[in-house]
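I opened the notebook to record what I looked up in this model, going from single residues to the sheet and then to the ligand.

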Amino acid sequence: MSVPVVRPARSFDMGEIEALARRPFAAAWSRQACADEAERTDSIFLVADDGAVRGYVLARVFEGESQLLDLAVVEDGRGVGRTLWSALAQAARGRGCRKITLEVSEKNSRAQHFYRRAVAKVVGRRPKFYNDGSDAILMDFPLA
Ligand SMILES: CC(C)(COP(=O)(O)OP(=O)(O)OC[C@H]1O[C@@H](n2cnc3c(N)ncnc32)[C@H](O)[C@@H]1OP(=O)(O)O)[C@@H](O)C(=O)NCCC(=O)NCCS
C-alpha cells in the first residue's frame, strides 16, 4: 500500500465505501445513504485514496461542533485512521468547529484505544445504546 492521499468522497467511491461500511463496528451505510451524505453541505466526508479507497471518515457539522458519524479503514494498524482523523480535525477547524464529538461501543476496544491516542476525552455514557445491548461511550476531542 502506497501512502494514501485524503480527498473529498465522490459519487464513484460509494461502492467501495458501502463495502467497507460492513466492517464490524462501522455504521453499515448503504450506497444511497453514502451518496446522500456526500451531497450534504453540513457533512465532512473524506476518503483515503491510494488508487483504491483505503478508508473514510464522515462527520456532521452542527452549531460549532463536528459529530463523528463513522470512521473505518480497510487495513488496521497502517496509520490510515490517524491520517483521516487529522484531516477531519483540520476540515472541522476550517468550518469553525470547537470540538469533535463521538460515540464508540464499550465493546470496541481498538477504536477506544485509537481515540484515546488522539486525545479524545470520555465525557459520558449511554446505556444500551447499540442494538447488541452494549453501552456507548461518549467522547469529545477539543479543536485548538
Ligand atoms: C478504529 C480504526 C478506524 C483505527 O484505524 P487504524 O488505521 O487501524 O488506526 P492507526 O493505524 O492510525 O492507529 C491504530 C492505533 O491503534 C492501536 N492498536 C493496534 N491494535 C490494537 C488493538 N488490537 N487494540 C487496541 N488498539 C490497537 C495501534 O497501536 C495504534 O495506536 P498507537 O498510536 O499506540 O500505535 C480501525 O480499526 C477501524 O476501521 N475499525 C473498524 C471500524 C470502527 O471501529 N470504527 C470506529 C467506529 S466508532
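Is E63 buried or exposed? I found that E63 is exposed, because 6 other C-beta atoms lie within 10 Å (a residue is buried if 20 or more other C-beta atoms lie within 10 Å of its own, exposed if 12 or fewer, and partly exposed in between, with C-beta atoms placed from the backbone).

Before going on I noted the ground rules: residues are numbered from 1 along each chain as its sequence is written. The model is predicted, and local features need pLDDT of at least 70, side-chain atom pairs count only at pLDDT 80 or more, and totals for chains, interfaces and linings use all residues.

**Entry on backbone angles.** I looked up E63 again and saw that its phi is positive, about 45°, although E63 is not a glycine; E63 lies in the loop between β3 and β4 (strands are DSSP runs of E with at least two residues, helices are runs of H or I with at least four, and both are numbered from the N terminus). A28 also is not a glycine and has a positive phi, of about 55°, and its place is in the loop between α1 (14-20) and α2 (31-39). I noted A28 as exposed, because 12 other C-beta atoms lie within 10 Å.

**Entry on the sheet.** I traced an open sheet of 7 strands with mixed pairing, in the order β1-β2-β3-β4-β5-β7-β6, where two strands pair if DSSP finds at least two bridges between them. Because β1 (5-8) and β6 (121-126) stand at the edges with a single partner strand each, one side of each is left without a neighbour in the sheet. The twist averages 25° from one strand to the next (axes are lines fitted to C-alpha atoms, for helices over the stretch in contact, and angles run from 0 to 180 degrees between N-to-C directions). I then followed β2 (residues 43-49) and β3 (residues 53-62), which pair in the antiparallel sense over 7 bridges, and found R60 in β3 as the bridge partner of S43.

Helix α4 (residues 109-117) lies across β5 (99-105) and β7 (136-142) and runs at about 160° to β5, contact meaning C-beta atoms, placed from the backbone, within 7 Å. Around the ligand I listed 21 residues, the closest being F25, D76, G81, R82 and H113 (a residue is near if its C-beta atom, placed from the backbone, lies within 6 Å). The elements giving two or more residues to this shell are β4 (65-73), α3 (80-94) and α4, and the largest share, 6 residues, comes from α4.

Notes. Two residues are in contact if their C-beta atoms, placed from the backbone, lie within 7 Å.
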